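Please keep the sequence and the three-dimensional view at hand while reading.

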Amino acid sequence: MTNYLNREVLITGGLGFIGSALARRLVELGAKVTLVDSLIPQYGGNLFNITGITDRVTVNVCDVRDPYAMAYLVRGKDYLFNLAGQTSHLDSMSDPQTDLDINASAQLSILESCRKANPAIKLVFASTRQLYGKPDYLPVDEKHPVRPVDVNGINKLAGEWYHLLYNNVYGIRACALRLTNTYGPRMRVRDARQTFLGIWVRLLIEGKPIKVFGDGLQLRDFNFVDDCVDALLSAGAHDAANGKVFNLGSREVINLKDLAAMMTALADGSTFELVPFPADRKAIDIGDYYSDYTLIERELGWTPRVALAEGLARTVAYYREHWQHYWEAGA
């Protein structure tokens with residue numbers, strides 16, 4: 001992908017799970033990469049995530065809520081991959097103001113910085129399938145009504161629509177990808193703030209039973225992080241994406257009980273157990289969900305390539321080797 005050779009690229013949330021994977025790919029493509037991350041412990045940034053490319057990227061430790069820092073950082077950049085966010089659905093309910101500040105207000109501030117200092121920049125915003133809420137039909141396409149079931153979904157929707165508004169009104173090229181469950185090396189495994197698969201991986205490696213809420217029959221789809229990176233790069237490279245929203249998704253749909261069985265097969269003696277849904281999680285659970293990604297496949301040529309079994313095996317192998325960098329701090 002030649003679009004990124006010698007181009008200036010800014011990644012917010014760049015020391016996090018997806019941001020660091022994107023940074024690695026961009027370095028391979030010859031881009032000049034600047035990573036912005038607050039390194040606030042609960043948000044998943046981890047300097048170990050850029051091991052091996054530290055001398056090939058620029059790291060700026062600051063918060064996307066700082067409008068002066070962001071106004072400076074967007075200057076001269078060709079691309080901005082806007083991945084910084086508060087991802088915990090439960091935290092958004094217990095601390096809605098912080099979620100609003102990061103996922104909505106800061107996004108508007110970033111776009112204003114681009115409008116004033118660098119209107120030629122191209123933005124790709126990492127949105128979420130969570131904003132659809134409980135599906136009316138499956139698979140969920142981009143025409144499905146949006147009915148967020150938590151504060152996080154509402155604020156991510158606002159952040160997404162700010163990007164589309166600035167594309168449509170000010171001509172600042174922007175698009176959004178509604179990510180489904182993304183997993184892989186460097187995801188947060190200290191707890192379930194980023195994805196429940198993270199804590200499942202940790203329990204698996206620690207030899208403890210994986211805990212599956214409810215009857216385990218909820219259907220989900222998953223994208224390995226490399227496939228997510230491919231989608232981000234495609235959206236950035238193609239102006240056909242401007243002003244649009246795209247679902248990501250997978251050909252493989254699996255219920256959580258079968259997913260747990262697939263994971264426990266990766267470690268001898270591992271088990272899983274069904275446990276009652278905690279009340280706070282049950283209140284915002286969306287039931288079955290999987291995406292229709294036909295639009296991005298048709299318009300940008302993206303399709304997921306990494307099979308779930310392969311991706312899980314690669315993920316578990318990574319944490320078996322590097323667990324000490326993830327158990328207690330950062331991701």
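Helices (H or I, at least four residues) and strands (E, at least two) are DSSP runs, numbered from the N terminus. R186, for example, lies in the loop between β7 and α6 (196-205). The structure is a predicted model, in which local features need pLDDT of at least 70 and side-chain atom pairs count only at pLDDT 80 or more, while totals for chains, interfaces and linings use all residues. Residues are numbered from 1 along each chain as its sequence is written, and side-chain values use heavy atoms, with hydrogens and water left out.

- Buried means under 20% relative accessible area, exposed over 50%, and partly exposed in between, with a 1.4 Å probe and protein chains only.
- Strand β6 covers residues 174-179, and six of its six residues are buried, so the strand is largely enclosed by the rest of the structure.
- A174, A176 and R178 point one way from β6, whereas C175, L177 and L179 point the other way, and all are buried.
- Two strands pair if DSSP finds at least two bridges between them.
- Strand β5 (residues 122-128) pairs with β6 in the parallel sense, over six bridges, and L123 has A174 as its bridge partner in β6.
- From β5 the chain passes through helix α5 (residues 151-170) to β6, a β-α-β crossover that is right-handed; this term applies if, with the strands pointing away from the viewer, the path from the first strand over the helix to the second runs clockwise.
- Strand β11 (residues 245-247) runs parallel to β6 and is joined to it by three bridges, with F246 in β11 standing opposite L177.

**Strand β8**

- Strand β8 (residues 210-213) has I210 and V212 on a covered face, and K211 and F213 on an uncovered one.
- Four bridges link β8 to strand β13 (residues 272-275), and the two run parallel.
- V212 has L274 as its bridge partner in β13.

**Residue T182**

- T182 belongs to strand β7 (residues 181-183), and its relative accessibility of 9% means that T182 counts as buried.
- When its neighbours within four places in sequence are left aside, T182 is in contact with F17, I18, T195, N223, V225 and C228; contact means heavy atoms within 4.5 Å.

**The second largest pocket**

- Cavities and pockets are found on a 1 Å grid over the protein atoms alone: a cavity is a set of points where a 1.4 Å probe fits but cannot get out, a pocket is an open set with protein on both sides within 12 Å along at least five of seven lines, and lining residues have an atom within 4 Å of a point.
- Grid points are joined across faces, edges and corners, and a volume is the space filled by probe spheres set on the points.
- The second largest pocket holds about 170 Å³ of space.
- Its lining consists of A21, R24, R25, E28, P185, R186, F224, V225, D226, V229 and R314.
- Helices α1 (17-28) and α7 (225-237) each supply at least two residues of this lining, and α1 gives the largest share, four residues.
- Ala, Val, Leu, Ile, Met, Phe, Trp, Tyr, Cys and Pro count as nonpolar, Asp, Glu, Lys and Arg as charged, and the others, Gly among them, as polar.
- By these classes, the pocket lining has six charged, five nonpolar and no polar residues.

**The cavity**

- The structure holds one cavity of 30 Å³ or more, and the largest cavity contains about 60 Å³ of space.
- Y183, F222, N223, F224, D227, S250, E252, P304, V306, A307 and L308 line the largest cavity.
- Strand β10 (residues 222-224) gives the most to this lining, with three residues.
- By class, the cavity lining has seven nonpolar, two polar and two charged residues.

**Backbone features in loops**

- R186 has a positive phi of about 80 degrees although it is not a glycine, and R186 is buried, with a relative accessible area of 16%.
- L39, also not a glycine, has a positive phi of about 55 degrees; L39 sits in the loop between β2 and β3 and is partly exposed at 27% relative accessible area.
- G45 is found in the loop between β2 (32-37) and β3 (57-61), and at 7% relative accessibility G45 counts as buried.
- The peptide bond from L138 to P139 is cis, with omega near -10 degrees, and P139 has its place in the loop between β5 and α5.
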